[in-house]
Structure formats: C-alpha cells, structure tokens
Amino acid sequence: MSAILQIEGLNKSFGGIKATDDLNIEVEENELHAIIGPNGAGKTTLISQLSGLQAPDTGRIIFKGENIAGLPAHRRAHAGIARSFQITSLMMEMSVLDNVALALQAREGHSFRFVRPARSVVHLREDGLSLLDTVGLAEKANMPTFALSHGEHRRMELAIVLAAKAELMLLDEPMAGLGTEESHRMVELLKGLKGKHTILLIEHDMDAVFALADRISVLVYGHVIATGTPEEIRGNEAVQHAYLGEE
Amino acid sequence: MNRKLVTTIVVLLALGLIPPVLYAAGFVFYLDLATRLTILAIAAVSLNLILGFGGMVSFGHAAYLGLGAYAVGIPAHHWLYGGLENLGLATTSGLVQFPLAIAAAALFALVTGAICLRTKGVYFIMITMAFAQMVYYLFVSIEEYGGDDGLVIDTRSELPLVSFDDPLQLFGFSYVSLVAAVLLVWMIVNSRFGMVIQGAKENEERMTTLGFNTYLYRLVAYVISGAMAGYAGALLGNFTTFISPEMMDWARSGELLFMVILGGAASVIGPVLGAVAFIVIEEVLSTFTIYWHLPFGLMLMAVVLFGKGGLMGLLGRRQAA
Amino acid sequence: MDVSLLIIQILNGLQLGLLLFLVASGLTLVFGILDFVNLAHGSLYMLGAFIGATLTFALGDFILALVIAVPATAVIGFAVERLVARPLYARGHLDHVLGTFGLILVIDTTAHLIWGPEGIAVPLPNWLDGQVSLPGGALIPTFRLLIIGAGLAAAAGLFWLVNFTRLGMLIRAGASNRTMVSALGINIELLFSLVFALGAALAGLAGMLIAPITEANIGMGNNIIITAFVVIIVGGIGSIKGAFYAALLIGLIDTLGRSFLDDIFKFFMSTAAAETSAPAVSAMLIYLIMAVILAVRPQGLFPPKVR
C-alpha cells in the first residue's frame with residue numbers, strides 16, 4: 001500500500017501564534033490514522049487546511065499524487081476528501097434526511113436542477129435512508145435536525161461523511177461530547193469502516209484511539225513528534241512526557 | 001393539508017376573484033389598487049427567493065422594477081419620436097419589450113451580483129443599495145428619456161390576445177403572472193437547486209465542504225430573482241404609463257423589503273400577504289392625512305421591534321416551504 | 001485646459017470630500033463601535049441643516065446658529081440612540097436597516113410638518129459672502145474656504161479625540177472588545193450614546209455647512225446617505241482613516257468627473273458621443289469606482305483590523 005496523503009512542511013500562523021509548525025505526515029491508503037495531542041496542538045487547524053477552509057502559509061498537501069494545497073474548499077469534495085466537524089455543523093432547520101440527501105446530491109455533478117422537487121428524487125431519499133440506517137437514525141429521518149440530541153447530531157455528521165463515498169475521510173473528534181454508551185456505539189460504527197476507506201481521525205478519547213487506529217501521530221504545538229503503531233506510541237517516552245503523562 | 005398551502009390558495013383565490021367583482025359592481029378604484037398590488041407582489045415574491053430562502057438581503061431590488069419599466073418606456077418613446085429603429089427597439093410590441101425587460105434586469109443582476117455576492121452581511125446590503133442608486137442616477141442623467149421628470153408612454157405594450165388598455169385585462173394578466181411567479185418560486189425553492197440555496201443560507205461552511213460552489217449558486221438565484229422583478233417592472237410601466245427614476249429609488253427597495261418581512265419571509269406566499277397588508281395600510285392611512293408617512297413609519301418600526309416572522313409567522317413557525 | 005477652472009474644481013472636490021467625511025465618519029463610528037447600521041444618519045444631517053437655518057433667521061447670525069445647532073443635533077442623536085437604536089442592538093443588521101428606514105419616514109414627515117415642503121435658503125453674513133482670489137487668478141467663494149477649514153478642523157479634532165483622549169481610548173477599546181470594556185466597569189451604555197451623539201453632531205455640522213449653498217430641504221438626507229455608504233464601503237466599514245481617504249477620493253472623483261469627463265472622453269471618442277455619454281458615466285462614476293475597488297478588495301481600502 002502506498003501513501004495516499006503526504007503532508008510536507010506545512011506551516012500556518014495566526015498573528016504571532018504558529019498553529020502548524022513544519023508538519024509532516026504520511027497516511028497510507030485504507031489505514032485508520034489517528035492524530036492525538038494536547039489541546040491547542042493544532043489538530044483542527046490541520047483538518048481545516050486539509051479540507052480547504054483555511055490555506056496554509058507554506059507547505060504541500062499531496063493527495064493521490066497531486067498537490068492540493070491551493071485547491072479551493074468546494075473542489076476538495078470532488079477530489080475525494082470528506083470531513084466531519086468537531087463542532088456540529090449541520091443545517092439545523094432542515095430535516096435529518098434533507099441533510100444527508102444534500103450530501104448525496106453534492107456528489108452528482110451540478111445541482112442546477114430547478115424542476116423536480118428535491119424530496120421526490122427517489123434515489124437520494126433511499127440512499128439517504130440507508131445511510132441513516134447505518135448510523136441508527138432511520139426512524140428520525142423526517143424530524144427537524146434541531147430536535148435531535150447531541151449524540152444523534154454526531155452520528156449525522158458521520159452519515160454525511162459516509163454519503164460522500166470519499167477516499168479520504170477527515171473525522172474531527174466524532175466522539176466530542178458523547179456519553180459512554182454513545183461512544184461505544186460510535187467506535188463500533190467506525191470499526192465497520194476500517195480497511196474500506198482511508199481515515200484520518202482526530203480524537204481525545206484514548207480508548208477509542210487505541211481500539212481503532214492502525215497508526216497514531218502525536219501532534220504537539222503544531223508539529224508531529226512521533227508516529228507509529230499504538231504499541232510504539234504507548235511506549236514512546238517523548239509522547240508520554242508531552243501528552244499522555246499529563247492526563 | 002398544511003397551513004401554508006391553504007393560506008396560499010385562499011390568498012390567491014381572493015386576489016383573483018374580489019377585484020373583478022368589485023370592478024363589475026362599479027368600483028373601478030379597487031381594480032387599479034389590486035393591479036398595482038399584484039405587480040408589487042411579484043417583485044416581493046422574487047425578492048424573497050433570495051432573501052427568505054437564500055439569506056441575501058438586497059436593498060436594491062427596486063432597480064429591477066425600474067429597469068423593466070424603462071424597457072417598456074424607451075422603445076415606446078422611440079416608436080413615437082424615432083431613433084433606435086436599426087436595433088429594432090422602436091416599438092410598442094410587448095413581445096420585444098417584455099423579453100428586453102427580463103434580459104436587461106438579468107444582465108444587471110449578473111454584473112452587480114458577481115461583485116456584491118463576494119461580500120456578505122452589512123456590506124452586501126449597502127452595496128446592493130449603492131448599485132440601485134447608480135442606476136437611478138443614470139436615468140436621471142439621460143435627458144432624452146426625461147431625466148428626473150420621467151417618461152410618459154402613449155401606447156401600452158401590444159400583445160396578441162390581450163389589450164392592456166382595458167383595466168380588467170391588465171389586471172387579469174398581472175394576476176396570472178403573479179400566480180405563475182408564486183408557482184415558479186415554489187418550484188425553484190423545493191428543487192435540488194433550491195436545497196443548495198437554502199443550505200447555503202443556513203450553513204455556508206458545511207455546504208462548501210460538501211462540494212458546492214455556493215457563490216455560483218447564489219449568483220444564479222440572484223439573476224433569476226432580478227429577472228422576475230424586471231418582468232414585474234414591465235407590467236408596472238404599463239400600469240402607470242409614467243416611468244421615472246423614482247421607481248428605483250432606494251426607498252422603494254425598502255418598501256419591497258418591508259412587504260417581505262411584514263408578510264413573512266419563511267414562505268413563498270408570505271410576501272404576497274405582505275404586499276396586500278402594505279398597500280391596504282398605505283391607502284387607509286393616506287385617506288386620513290397627507291402626513292401618513294409618519295404613522296406609517298412608526299408602524300414599520302413597530303413591526304421590526306415586535307413582529308417576529310411577519311403575518312405568516314402568526315400561523316406557526318418552522319414549517320417546510 | 002483652463003488651470004483656474006481645474007484649481008476651483010479641485011477645491012470643490014475637496015470641499016465635497018470633507019463634507020462627505022463629516023457624514024461618513026459618524027456612520028462608520030457608529031457601525032464600528034456599536035455594530036449598528038443607521039440608515040437615518042442622513043436625517044440627522046438634514047435636521048442639522050434645518051435647525052441651523054431656523055436659528056440663523058432667529059438669531060440673525062450664521063456662526064452663532066452653527067454653534068448652537070451642532071449640540072442640538074447631538075442631543076437629538078442621543079435621543080435616537082436611546083429610543084430606537086438601543087432596542088435593536090440585539091437584532092441583526094437587517095432589523096437595524098428596516099427600523100431606521102421607518103425612522104427616516106418619521107423624521108422626514110416631522111420635518112415637513114415643522115418646516116413645510118419647501119426648502120429653506122440660508123443667508124450668509126456679508127463677511128462670508130465674498131470671494132477670495134487665489135494664486136493663478138482663480139476666485140473662490142469665501143464660504144467654501146470656511147467649509148474646507150471647518151472640515152479639516154473637524155477631521156483633526158476627531159483624530160485627536162480617538163487617539164489622544166480617554167474617551168477615544170474607550171472608543172477604540174469598545175470597538176475591539178465590548179464585553180471586556182463593560183466588565184472593567186465602564187458604562188458602555190453611556191459610551192454608546194456619546195458615540196452616537198458625536199456622529200450626529202458631525203452629520204449635523206455637515207448639513208449646516210452645506211445649507212447656505214444648496215438650501216435645507218427634505219430630500220437632502222436621503223441623497224447623502226447612499227454616498228456616505230459608498231464612502232465607508234470603499235474606505236472599509238468601521239475605519240475612520242478609511243472614511244477620510246475614501247471621502248476625499250470620492251469627492252474629488254465626483255466633482256472632477258462631472259466637470260472634465262466630457263473633455264477626457266473627447267480624446268478618444270467623437271464630440272457627439274462624448275457629450276451624450278459623459279453625463280451618464282459621470283453620474284455613475286463613483287459607483288463604478290466602488291465596484292472596481294470591491295472587485296479587487298471586497299473589504300475596502302483600510303479595513304479595521306479587529307472585529
């Protein structure tokens with residue numbers, strides 16, 4: 001297997017703060033690669049640069065052999081990258097199914113289609129329902145999104161990422177704010193994805209990380225201080241000192 | 001049957017039946033009022049496509065009304081006084097004027113929208129206002145078309161099968177146009193295109209990440225909205241036969257915004273209700289005093305301070321369009 | 001090219017620019033610090049003109065009228081902030097725009113009730129009514145020099161206020177972090193009212209200064225407000241420095257454009273074409289400039305850094 005994603009010398013500063021500092025990572029195809037690190041290590045900034053919502057100051061992001069660092073955010077989905085948000089980012093006033101259907105719709109070329117009611121496009125509704133079923137939200141399909149619980153919102157985020165059928169899935173703390181049972185459920189869902197997609201997972205929940213990750217990179221002050229298998233990371237002194245030791 | 005659908009049908013039916021009945025009974029005035037109302041309602045409905053559903057607050061929508069009206073006035077003027085024959089624009093034919101109105105409005109929307117839509121929030125509001133004012137000053141400066149004093153047309157648009165000189169037919173044509181406008185906007189809003197626009201209004205970042213070029217979709221919606229208002233402008237020019245830059249003054253844009261907010265921006269029919277309420281209140285107040293702008297202004301301020309969701313909002317929040 | 005005409009028009013452009021700055025600075029201050037869009041700002045300009053006119057007739061002295069009318073407009077601004085702006089702060093910008101739009105109708109009609117539909121011409125005292133000759137043989141009305149002087153003085157005063165006084169420091173602090181400033185025990189509400197009143201005073205002053213030239217009339221506020229918006233959009237909403245440069249730029253372009261555009265056009269068009277198109281283009285010129293600047297820099301020339 002080859003590296004589907006290579007980040008080379010990525011740098012990003014905000015005013016005086018260096019959020020990303022000469023960051024280098026290689027992610028293998030179909031691996032589940034976790035990024036861990038203390039708060040403020042720059043994990044979400046990294047994801048934002050990968051999804052295109054923020055532009056790096058310098059550096060290269062090589063995805064499937066091409067440097068996408070300059071590619072506008074809305075083109076990255078078509079390039080094969082999907083992202084979930086740490087702070088839930090959904091269309092709250094629309095129904096649950098509408099949200100997922102939109103994600104599916106985004107894959108179908110352009111949406112300059114003015115005549116048929118979107119809700120009567122059968123394949124979008126059916127595929128959407130089946131995605132919702134995967135995350136266990138099928139019965140709530142027609143409810144307005146704002147009526148769902150936080151845990152259900154996190155599952156919606158996952159369903160939306162799945163809708164993209166992306167080659168690279170960027171998951172930003174999918175477990176954020178979840179209780180024990182919901183976390184377990186999420187871990188099971190993510191386990192089901194392993195090996196079929198390349199996943200870059202940012203998480204704080206160490207149990208989940210060690211249960212899911214093929215490899216882990218540790219991010220401290222915007223820089224990767226160690227990359228390796230879970231065992232290697234567990235045994236790495238620098239990592240223990242910088243991060244795990246503080247827990 | 002949901003409330004929005006019922007309200008839509010009731011309002012449209014009432015609007016279609018009551019004025020002709022009053023006219024037949026000898027009350028000509030109400031037919032004229034209704035004609036003006038339906039025309040402004042078309043403009044308000046088109047504004048709400050981008051405002052209520054797209055989140056784009058345009059304070060320059062009256063520019064399209066003006067452009068549409070001049071698209072009728074200018075050819076009619078040249079037909080009478082000569083000039084522009086080689087462009088085919090010296091004519092009273094509605095088959096030239098109406099498409100011209102739509103095209104001129106669409107072009108203006110495309111060019112100004114391409115610039116405005118790179119901004120948002122307050123910038124967007126102010127820039128749309130400024131562009132509308134630009135067109136206002138443009139027409140003020142063109143002496144041939146009357147400048148500040150405006151343009152009077154002798155002959156209304158000539159269309160096969162219908163004579164605009166008959167107030168009942170003009171009303172009927174405008175009314176049918178309004179129904180078509182409502183259906184068109186409803187169709188667009190519920191289509192896949194409409195889903196993108198609504199999604200972009202709610203969560204731009206999410207939509208971009210999903211892969212939608214929101215700028216482009218918004219621009220298309222903006223052009224459609226402008227074109228519809230241009231069509232309404234052509235009707236307006238025919239109705240008043242007096243076409244002046246006043247029609248595109250930013251205060252007129254403010255009135256259109258008010259119709260939308262008053263009626264409710266969350267539904268397609270809301271702006272029509274708003275137009276009805278606006279025109280009725282305007283008429284009632286002006287019979288009491290020539291200073292009716294004072295209570296009117298106070299009322300508008302009250303609506304902003306206390307009226308959540310407009311008239312449609314009284315029927316219940318958060319329903320699908 | 002007639003040099004003395006050019007000099008006169010440049011001075012006219014500066015005068016227009018400075019008046020625009022007086023109006024735009026209040027608008028941009030209120031937006032930058034209170035985050036409030038005040039469409040009725042032009043009405044304050046108009047009220048300044050009418051109050052100044054009335055006082056000039058009542059007191060027989062233009063300068064004395066000016067000195068009283070400016071604070072009077074400030075008081076009106078204070079009242080508007082308390083009664084209209086304050087309830088709307090929590091709302092979005094659209095509500096600000098709609099609410100102040102209603103306010104314009106109220107103020108315009110009230111002005112009509114008080115002063116009637118006709119404009120009021122304001123007579124100038126003799127010492128202001130003459131002309132001054134400039135090097136180069138150009139003659140410029142004394143009053144215009146006064147306007148330029150007053151405008152520059154106001155700009156300097158504003159600069160001093162914002163950068164060298166405690167109030168100015170609070171204004172700048174409030175602009176970047178409202179909550180922090182009020183957490184420090186500063187009476188934010190009073191600060192806001194004062195800023196609003198200051199903006200009103202500046203607008204009122206501008207109205208009074210222009211009234212002897214163009215008459216105090218009811219439509220004047222609605223005309224100037226859009227130009228003021230163009231100024232602050234080009235300058236960067238919330239930036240006083242931006243408003244200053246943009247106002248001068250726009251004042252000069254508008255004035256020089258109207259005077260010389262047909263001559264410029266004649267360089268590359270026929271005389272007939274130049275004379276038909278120049279008035280139209282010069283009417284739209286400042287908006288075209290705005291469009292060009294926005295196409296390149298959507299945030300304006302000097303956008304404020306913190307927001």
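Predicted model: local features only at pLDDT ≥ 70, side-chain atom pairs only at ≥ 80, totals over all residues.
The next step is to ask which strands pair with strand 8 of chain A. Strands of a sheet pair through backbone hydrogen bonds, either parallel or antiparallel. Strand 3 of chain A, residues 32-36, runs parallel to strand 8 of chain A, and 4 bridges join the two. Within strand 8 of chain A, the residue opposite A:L32 is A:I199. Strand 7 of chain A, residues 168-172, also pairs with strand 8 of chain A in the parallel sense, over 5 bridges. In this pairing A:L168 stands opposite A:T198. Strand 7 and strand 8 of chain A also belong to a right-handed β-α-β unit, together with helix 6 of chain A, residues 180-193.

Four strands of chain A, in the order 2-1-4-5, form an open sheet with antiparallel pairing. At its edges are strand 2 (17-28) and strand 5 (66-67) of chain A, each of which pairs on one side only. Strand 1 of chain A, residues 3-14, is joined by 5 bridges to strand 4 of chain A, residues 58-63, and the two run antiparallel. One position in this pairing can be located directly: A:I7 has A:I61 in strand 4 of chain A as its bridge partner.

These elements can now be placed within chain A as a whole. The chain has 9 helices and 10 strands. Its radius of gyration is 18 Å, close to the 18 Å that the globule rule gives for 247 residues, so chain A is as compact as a globular protein of that length. Along the principal axes, the C-alpha atoms of chain A fill a box of roughly 55 × 40 × 40 Å. Of the 247 residues in chain A, 42% are buried. Among the contacts in chain A with a separation of 6 or more, 68% are between residues 24 or more positions apart.

Chain A is also divided into domains. Its domain assignment gives domain 1 (1-80 + 166-247) and domain 2 (93-165). The C-alpha centres of these two domains of chain A lie 26 Å apart. Their contact takes 12 residues from domain 1 of chain A and 10 residues from domain 2 of chain A. On the domain 1 side, strand 7 and helix 6 of chain A each supply at least two residues. Helix 6 of chain A gives the largest share of that side, 3 residues. By class, the domain 1 side has 9 nonpolar, 2 polar and 1 charged residues.

How do the chains meet one another? Chain A and chain C do not touch, and their nearest C-alpha atoms are 11 Å apart. Chain B, in turn, has 22 residues in contact with 26 residues of chain A. Helix 6 (167-190), helix 7 (192-202) and helix 8 (204-210) of chain B each supply at least two residues of this side of chain B. The largest share, 7 residues, comes from helix 7 of chain B. The side of chain B that touches chain A has 8 nonpolar, 9 polar and 5 charged residues.

Of the 2 pairs of chains that touch, chains B and C have the most contacts. In this pair, 37 residues of chain B are in contact with 34 residues of chain C. Helix 5 (121-141), helix 10 (250-263) and helix 12 (293-306) of chain B each supply at least two residues of the side that touches chain C. Helix 5 of chain B gives the largest share of this side, 15 residues. By class, the side of chain B that touches chain C has 29 nonpolar, 7 polar and 1 charged residues.

Methods
Residues numbered from 1 in each chain as written. Chains lettered and ligands numbered in written order. Contact = placed C-beta atoms within 7 Å. Nonpolar A, V, L, I, M, F, W, Y, C, P; charged D, E, K, R; others polar. Pairing = 2+ DSSP bridges. Right-handed = clockwise from strand over helix to strand, strands pointing away. Domains from an automatic or database assignment. Rg over C-alpha atoms; globule rule 2.2 N^0.38 Å. Buried ≥ 20, exposed ≤ 12 C-beta atoms within 10 Å, placed from the backbone.
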